[in-house]
Amino acid sequence: MGELLRKLESIDRRWIYLVIFAAVVIPFLMNLKLPVGKHSPSTTAVHDYIEQLPPGSVIQMSFDYSPASMPELEPMAKAVVRHAFEENHRILAMTLHPQGALMIRRALDEVATDLNKEYGVDYVDVGFKPGGVAVILGMGRDIIRVFEDMDARGEKLSAMPMMRDVADYDDIALMIDFAANSLPLAWIGYAHERYGLQIAAGVTAVMATDLYPYWKSEQLVGLINGLKGAAEYEELVGAPGFGVLGMSSQSIAHLLIILFIIMGNIGYFVTRRASQNRT
Amino acid sequence: MIVQFFVPHAVGTQGYELLLQWARIVGAFALVLGIGSLFRTHWDKIRRRRPQYGYSAVTLLSFGLMVWAGIVYGTGEGGLGQRLTEMQNGTAFEWLFDNVQVPLDATMFSLLAFFIASAAYRTFRARNVEATLLLVTAVIVMLGRVPIGEMIYEKMPEVYEWIMQYPAVAGKRGILFGVALGSIATSLRIILGIERSHLGG
């Protein structure tokens, strides 16, 4: 028995990989959807802010992520896009990440088609623009000029009905940054602090700790935190999707990791007691 | 730039606009420089037959393929990609992005789950009080972030929120203040000529 308990301290990592693989894949195959539970105040804050905007408001969305973080960020991006469209808001989509241009199409076009939204009237995609902070600052003066009067499809921005009402940040009711990097900090530091643009962020769970101080200081109107935040938002807009489905896998995977930690500690204490008894 | 932030005079604003344009142009050229550097590094590795140069060859081939797909067939609708598969709309570039880059990139990131599970098992040991505190916090955060945590203990999400909103924010703010003060001090040392190590002095 003692030997068996000692072995718990050094389980072959391949077994851990195998168990985690099964824990992640099986809930997807079984289409297992556990209830998401209580919604985080930071997620609800984003939802409530969009709810209270007058219909027709322009919401700017920056899709600053790549396929690596897409499983975590795309569900929340789709849920927020759906919410904005359902409330009859208009969307100005952009990215400061080179791979974000195709992320916009994946997240935006599908929902827009689903809800019969018209390009140029209900939403515009200005695509990727290099320059980071310079782009953020420039948009505060003249959005069309920063993008050289051209959208991601090569069409003239100034000819689009939606862009007639959009000159600079004064015409943007809310800016949401979906990011797996430090760009939300640049949006807060330059667009919010300089131009007073209201900002929300949707980020990967590992990044959320960096942004909680900004939400607490009201420099962010809200924060959608990882896959859990995505699942919560999907529930809030009544469109459960990949976020809710992913939470089941994450639940079981987290539980198993905790189980492995407990097993490792049992092995550690048994080994330590045995070595103390020997000395 | 700092002066015009506080004094919005026409002269300052014009200079600011000009600098912003320069910054955007430099940003675009930085992409070109990055591509040039990537090409030179990997080409050099292949030419000298350095260890694992095969990966460099794959990098350059993939790079060339994406550039070829983007330039020759464009990024609009109705390109080669549409002919490659009837199920997928878009161009060759989009087809390659959706069917090669997205799964490869997602796979790389997904490996984190396995490494984190293995690392958590090996490192979270209650060796002393500090390690035990870290372990307990990690377990609460892991449980608080998933629905099953709420099934185990109803208030688990609230405990998680408290950890994130108070101890985590306090720690993070401390780090932020430290970094900000350190940056100001270093900047002042460089501006005043006290710090010259970046010049090789």
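Visitor: Is strand β4 of chain A buried or exposed?

Guide: In this predicted model, six of the six residues of β4(A), residues 174-179, are buried, so the strand is largely enclosed by the rest of the structure. Buried means that 20 or more other C-beta atoms lie within 10 Å of a residue's own; with 12 or fewer it is exposed, and in between it is partly exposed, the C-beta atoms being placed from the backbone. Strands (E, at least two residues) and helices (H or I, at least four) are DSSP runs, numbered from the N terminus.

Visitor: Which residues are on each side of β4(A)?

Guide: One face has Leu174(A), Ile176(A) and Phe178(A), and the other has Met175(A), Asp177(A) and Ala179(A). Both faces are covered.

Visitor: How should I read the numbers and letters?

Guide: Residues count from 1 along each chain as its sequence is written, and chains are lettered from A and ligands numbered from 1 in the order in which they are written. As the model is predicted, local features need pLDDT of at least 70 and side-chain atom pairs count only at pLDDT 80 or more, while totals for chains, interfaces and linings use all residues.

Visitor: Thanks! What is the strand order in the sheet?

Guide: The order is β3-β2-β1-β4-β5-β6 in chain A, an open sheet of six strands with parallel pairing. Two strands pair if DSSP finds at least two bridges between them.

Visitor: Which strands stand at the edges?

Guide: β3 (123-128) and β6 (222-225) of chain A do; each has a single partner strand, so one side of each is left without a neighbour in the sheet. The twist from one strand to the next averages 15°, using axes that are lines fitted to C-alpha atoms (for helices, over the stretch in contact), with angles from 0 to 180 degrees between N-to-C directions.

Visitor: How many bridges join β4(A) to β5(A)?

Guide: Five, and the two strands run parallel. Phe178(A) has Gly202(A) of β5(A) as its bridge partner. With β1(A), residues 58-64, β4(A) pairs over six bridges, also in the parallel sense, and there Gln60(A) is the bridge partner of Met175(A).

Visitor: What do β4(A), α8(A) and β5(A) make together?

Guide: They form a right-handed β-α-β unit. Right-handed means that, with the strands pointing away from the viewer, the path from the first strand over the helix to the second runs clockwise.

Visitor: Where is Gln198(A)?

Guide: Gln198(A) is in the loop between α8 (183-195) and β5 (199-203) of chain A. Gln198(A) is partly exposed, with 19 other C-beta atoms within 10 Å.

Visitor: And which residues is Gln198(A) in contact with?

Guide: Leaving aside neighbours within four places in sequence, Gln198(A) is in contact with Leu174(A), Met175(A) and Val221(A). Contact means that the C-beta atoms, placed from the backbone, lie within 7 Å.

Visitor: Switching topic: how many residues of chain A are in contact with chain B?

Guide: 48 residues of chain A are in contact with 44 residues of chain B. α11(A) gives the most to chain A's side, with 13 residues.

Visitor: Last one: what is the domain assignment of chain A?

Guide: Domain 1 is 2-31 + 248-278, and domain 2 is 41-239; these bounds come from an automatic or database domain assignment. The C-alpha centres of the two domains of chain A lie 40 Å apart.

Note on methods. Contact = placed C-beta atoms within 7 Å.
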